[in-house]
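Please read them with the model open.

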Amino acid sequence: MKICSFCVMDETDPGILFDHAGRCNRCRDAEDLGKKIWFPTDYGKHLLDEIVESVIDQGRGSEYDCLIGLSGGIDSAYLAYRLRTDYPSLRILAVHVDGGWNSEIAVKNIELLVKALEIDLHTEVIDWLEMRDLQLSFMKASVKNQDIPQDHAFFASIYHLAAKHRIRTFFSGGNFATECILPPEWGHSALDAKHLRAIHRRYGKMPKLSRYPTVSFWQLYFWYPVIKQFRVVRPLNLMRYSRSDAKILLKNALGWSDYGGKHHESRFTKFFQTFYLPSKFSIDKRKAHLSSMIVSGQMTRDIALSILSTSPYDMNQLHDDIFFISKKIGVSVLEFEKLLAVRPADHGDFPTSKLFYRFKDVVKKLVQLKAK
C-alpha cells in the first residue's frame with residue numbers, strides 16, 4: 001500500500017495521486033486551500049473582528065445575533081468558549097440537535113458549557129420513530145455515509161431555526177486545522193435531501209418522513225443564502241486553534257470531559273467510523289483527520305503513523321456496542337449482524353442531486369470568471 005511521504009493518506013483513498021517526490025494530491029491541495037481560507041494570525045483576528053461587528057449590526061431588532069451548534073464535541077465547545085470570552089456583547093443562541101445517539105459525556109459537556117458561558121440553548125429533538133426508520137434504511141442500503149440521517153437533521157434544523165428567529169449568521173465549528181482533508185470518495189454529502197428520501201423510500205417502513213427536518217437543494221443554495229441572506233462562517237479558520245490545547249483549556253476552565261476520537265460524542269458515529277467503515281469499506285477516517293493535523297502543523301507524521309498502528313476500534317466493546325445499537329434501532333443482534341454483512345453499495349446506486357451540484361459548480365465558476 002503506497003502512502004504519502006508527507007501525510008498519512010494512502011491508496012485506500014481511490015482518488016489519491018502521488019507526485020515524483022511521493023507527496024499526495026490531498027495534502028498539496030489542502031495547503032493550497034489553506035492559503036485562501038486559513039489565517040491563524042493577527043490578520044485573521046482582524047477579519048473575525050470585522051465579521052462579528054457586522055453580525056451584531058445585522059442582528060439589531062432580533063433577539064439573537066447568531067447561531068452556533070453544540071454537539072458536546074471539542075470544535076463546537078471551543079468555538080462557543082472563544083466567541084463568548086472574546087466577544088461578550090455578541091448575543092448567541094446555541095443549538096443542539098438530539099438525534100437519539102448522544103453519549104452521556106456529550107450531554108454533560110453541553111450542560112456545562114451553556115451554564116458556565118451563560119448562553120441560551122435550543123434543543124431540537126428529532127422524532128425517534130422517524131429517525132430510527134431512516135437510520136435502519138441506510139443500514140439496509142449498505143452505503144458508506146451512515147451519518148447522513150444525523151447530519152442532515154442537524155443542518156436542516158439550523159436553517160429552519162435561523163429563519164424562525166430572523167438570524168442571518170451561523171458560526172460553524174467546522175475548521176481547516178482538523179478537517180482540511182476528507183476524500184469525497186469516502187462518503188456522500190449529508191445535505192443531499194433527494195438521496196436521503198430515495199433511500200428511505202426504498203427501505204423505510206414509514207410511508208413518509210413528516211416530522212424529520214429536511215433542507216432541499218433549492219433552499220440550501222438559493223432561498224436561504226439569497227432571499228434570507230443567511231451565511232455560514234467558520235471562525236476557527238481565523239484564529240489559532242490547537243485541538244490538544246483546546247482540550248486542556250476547556251477541561252481546566254469548564255470541567256469539559258474528553259469523549260475520545262473525533263465526532264465520538266455520538267455513540268452511533270463512533271461505531272460507524274471506527275468499525276463499520278474499516279470492516280466494510282477498508283476506510284480508516286483517522287488517516288484523513290491525522291493528515292489534516294499534519295498539514296496544519298499540529299502533529300508529526302511519525303506520531304500519526306504510531307496512532308494508525310493501533311486498531312481504530314476497541315474490540316472488547318464490540319459485543320456491547322452491537323447489542324446497544326441493534327436494540328436502539330429495533331432489530332435483534334442477529335439481524336443487525338446480517339445488516340453489517342450485506343454487500344457494500346455505492347451512493348450512486350441510488351438517486352442523488354449530482355446533476356444539480358454540477359450545475360451549481362458551473363454557475364459558480366462563471367460568476368468567478370465574470371468577477372475577474
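1. The lining of the largest cavity divides into three nonpolar, two polar and three charged residues. The residues that line this cavity are Val-55, Gln-58, Gly-59, Tyr-64, Asp-65, Arg-166, Ile-167 and Arg-168. The coordinates under discussion are those of a predicted model.

2. On the volume of that space: the largest cavity holds about 30 Å³. The structure has one cavity of 30 Å³ or more.

3. Next, the charged pairs. Side chains of opposite charge can pair when their charged atoms come close. With a cut-off of 4 Å between a side-chain nitrogen of Lys or Arg and a carboxyl oxygen of Asp or Glu, the count comes to 15 salt bridges. The points below take up several of them.

4. Lys-287 and Asp-10 form a salt bridge, with 2.8 Å between the closest N and O atoms. Because Lys-287 belongs to helix α12 (residues 286-295) and Asp-10 to the segment before α1 (25-37), the pair ties together parts that are 277 residues apart in sequence. Are these two residues buried or exposed? Both Lys-287 and Asp-10 are buried.

5. A salt bridge also joins Asp-75 and Arg-243, where the closest N and O atoms are 3.2 Å apart. This pair links distant parts of the chain, 168 residues apart: Asp-75 is in helix α3 (residues 74-86) and Arg-243 in helix α10 (residues 243-254). Asp-75 is buried, as is Arg-243.

6. In the salt bridge between the side chains of Arg-267 and Asp-321, the N to O distance is 3.9 Å. Arg-267 sits in helix α11 (residues 267-281) and Asp-321 in helix α14 (residues 318-328), so the contact ties together parts that are 54 residues apart in sequence. How do the two partners stand in terms of burial? Arg-267 has a relative accessibility of 35% and therefore counts as partly exposed, whereas Asp-321, with a relative accessible area of 13%, is buried. The cut-off that matters here is that buried means under 20% relative accessible area.

7. Salt bridges also occur as a network: Asp-13, Arg-26 and Glu-185 are linked in this way.

8. Why does Val-226 count as partly exposed? Its relative accessibility is 46%, and the partly exposed class lies between the buried limit of 20% and the exposed limit of 50%.

9. Arg-197 is part of helix α8 (residues 193-203) and, at 37% relative accessibility, counts as partly exposed. From Arg-197 to Thr-352 the C-alpha to C-alpha distance is 9.5 Å, while the two are 155 residues apart in sequence.

10. The other pair involves Lys-2, which is found in the segment before α1. Lys-2 counts as partly exposed because its relative accessibility is 41%. Between the C-alpha atoms of Lys-2 and Ile-307 there are 18 Å, and along the chain these residues are 305 residues apart.

Definitions and conventions. Residues are numbered from 1 along each chain as its sequence is written. This is a predicted model: local features need pLDDT of at least 70, side-chain atom pairs count only at pLDDT 80 or more; totals for chains, interfaces and linings use all residues. Side-chain values use heavy atoms; hydrogens and water are left out. Buried means under 20% relative accessible area, exposed over 50%, partly exposed in between (1.4 Å probe, protein chains only). On a 1 Å grid over the protein atoms alone, a cavity is a set of points where a 1.4 Å probe fits but cannot get out, and a pocket is an open set with protein on both sides within 12 Å along at least five of seven lines; lining residues have an atom within 4 Å of a point. Grid points are joined across faces, edges and corners, and a volume is the space filled by probe spheres set on the points. Ala, Val, Leu, Ile, Met, Phe, Trp, Tyr, Cys and Pro count as nonpolar, Asp, Glu, Lys and Arg as charged, and the others, Gly among them, as polar. Helices (H or I, at least four residues) and strands (E, at least two) are DSSP runs, numbered from the N terminus.
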